[in-house]
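Student: I'm new to this structure and would like a close look at just one part of it. Could you pick a helix and walk me through how it sits against its surroundings?

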Amino acid sequence: RPFDGDMTRFDTKTKQDQDVSPTLEYPGIYRSTWTLPVLFSPRNPHVLYTSNQVLFRTDDGGSHWTVISPDLSRKDPGVPSNLDPATAADSAIAGPRRGVIYTIAPSPLVDGEIWAGTDDGLIWLTRDEGQHWTNVTPPALTPWSKVGIIEASHFDANTAYAAIDRHRLNDYKPYIYVTHDAGKSWTLMVHGIPDGDFVNVVREDPVKRGLLYAGTEKQMYVSFDGGEDWQSLQLNLPVTSMRDIDVHGNDLVLATFGRGFWILDDVSALRQLDAKVAAAPVHLFKPAAAYRIRPGGFLSTPLPKDEPQANNPPNGALIDYTLQSDATTPVTLEIRDASGQVVHRYSSADTPAPPDLQTLTITPDWIKPPSTLSTRAGMHRFVWDMHYARPQALRGGAAGDDSGDGVWAPPGQYTVTLAADGHRESQPLEIRKDPRVPVTQAALQQQFALARRVEAQRLVLTHASAEARHVLTQVEALRGQASPAVADALQTFTRHVAAVAGVNPAANPDNSVGAPPANLTSLHYLTGAFANLEASVEGADAAPTVGQRQAFAKQMQTLTRTLAQWQHLKQVELPQLNTQLRAAGLQPVTP
């Protein structure tokens, strides 16, 4: 983290902090600035560096520090011509030397290699952990040029990138210097970044060689050819000062001036983008491995619209694709498991029904709109929530149901296939388990198997319940047309069907929770019981409990008996009723 000359070590258990400033061991006059670098070695997590005008190193948490460089600043940077005498004299620093080491870049490839840059325009390199330093400053770098960031390459120990800020000299041009020979020569590479937008930071993607990111005083840029050409990566960012960049896994993290943080989730597509991809009529990028992370629990009501808040990252597998032109036919996306079975299928022709505000029991702000497939030309992102498709019959309305997708897809290998305008592209997709949860793959497979069995019985229940409702609706319509004898038969049959199907208890205006069901064997009760059991089985990343397995076995016994009763009604009592109805000249009842 940046610091202004003081450094503390914090104990997370005792909540105490201890001053471990390196200058305690080495008394003297140290120059400072608003932000000085503090960073760990990418090759040794116990080694920490920081600096003033000299470079400090510790490998024991700050208990002891070593000075590993001389004063690396300019001895006499002079006074820039654009600075008036009164301002030049307004300094707490005695003497002409006033610079500090502003950036430190240990090599991720080679032990002992460290790049250092000063805020007065010098770049240094050591390859023996500070025993010897070489001045490798580009000849064009003059005093008062601030070396904002040096990035040591992840692919070549002789390559480094330096972002130079010269706005203190009233020079607002962009400067990014690149060396491929350990600083013996440097090349200015800023094509595509306009004048008037000076560069604060440049970083290299640690996975894709030649992929660079740059943050300027106004925007974000990306280069796919090692800095030869730059183009905007602004997207939805505000126009502000971009101060630092980090690539964390697959995500691009940006820090802006004023302590704002932005994250571009999953840059896998940027790593795969090239001229061939850009020219393809349809292209499906290989998705990054997706972690099956469960969303957080109930976090109270949504914040008011005037409350400052940021968006959470998409929850699911991120699937990116490009279309060279608008698609003239529906775009489809199909996901299959390792055995080739369809897990989910989406189409741009799908039109999700909007929430019914008349029956909605929660505020519409809580309803997350589903991800949709775009048919427009350009690059698009689809988010698969890593669930199987829920059968249409189970979408909404059932007790314990949320009208969302089906059961969780277990961790494993999947295939994603995109189709558009006669073109088909397929890519593998890996789903990984939450690394924080100590659960085995076998346990998750057991969970998935039981959840699917429960879901299958819910479908059986839904079909039987729909038949019962259909029968009762027809019987009710016939009552006004029937003779007393036939009406008695209809009433008797209705009572039998209602007993098997189950009837919602009468509403009690004084009880908002509702009354418990009177019949624990009815189709209505079992529909809610199986929905609740599925929610219980799917509620956590764990193998099914003994209780859940026993509950399924017990409910299956009850369901088998109830379905037998329903079959008896359809196959025995209903034909007898229909005989009477036909004799009376009435329309027979069909299930």
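Tutor: Let's start with the kink of about 35° at Leu574 in helix 7, shortly before the proline Pro575. Keep in mind that this is a predicted model. Helix 7 covers residues 546–583. At 1.5 Å a residue, its 38 residues should span 56 Å, and this agrees with the 55 Å between its end C-alpha atoms. After helix 7 comes Gly585, with a positive phi near 75°.

Now for its partner. Helix 7 packs with helix 4 (residues 441–478) at an angle of about 25°, and their axes are 11 Å apart. Angles under 35 degrees count as roughly parallel, so that is how helix 4 and helix 7 run relative to each other. Their crossing is left-handed. On the helix 7 side, the residues that meet helix 4 include Phe552, Met556, Leu559, Leu563 and Trp566. Among those facing them from helix 4 are Leu450, Val454, Leu461 and Ala468. By class, this contact has 14 nonpolar, two polar and four charged residues.

Helix 4 has another neighbour to look at. It packs with helix 6 (residues 523–537) at an angle of about 160°, with the axes 9 Å apart. Helix 4 and helix 6 are therefore roughly antiparallel to each other, and their crossing is left-handed. The contact of helix 4 with helix 6 has eleven nonpolar, four polar and three charged residues.

Methods:
Residues numbered from 1 in each chain as written. Predicted model: local features only at pLDDT ≥ 70, side-chain atom pairs only at ≥ 80, totals over all residues. Heavy atoms only, no water. Axes fitted to C-alpha atoms, helices over the stretch in contact; angles between N-to-C directions. Helix = DSSP H or I, 4+ residues; strand = E, 2+ residues; numbered from the N terminus. Parallel < 35°, antiparallel > 145°, perpendicular 65-115°, else oblique. Left-handed = near helix turned anticlockwise from the far one by under 90°. Contact = heavy atoms within 4.5 Å. Nonpolar A, V, L, I, M, F, W, Y, C, P; charged D, E, K, R; others polar. Expected span 1.5 Å × (residues − 1). Bend = angle between axes of the 7 residues up to and from the residue.
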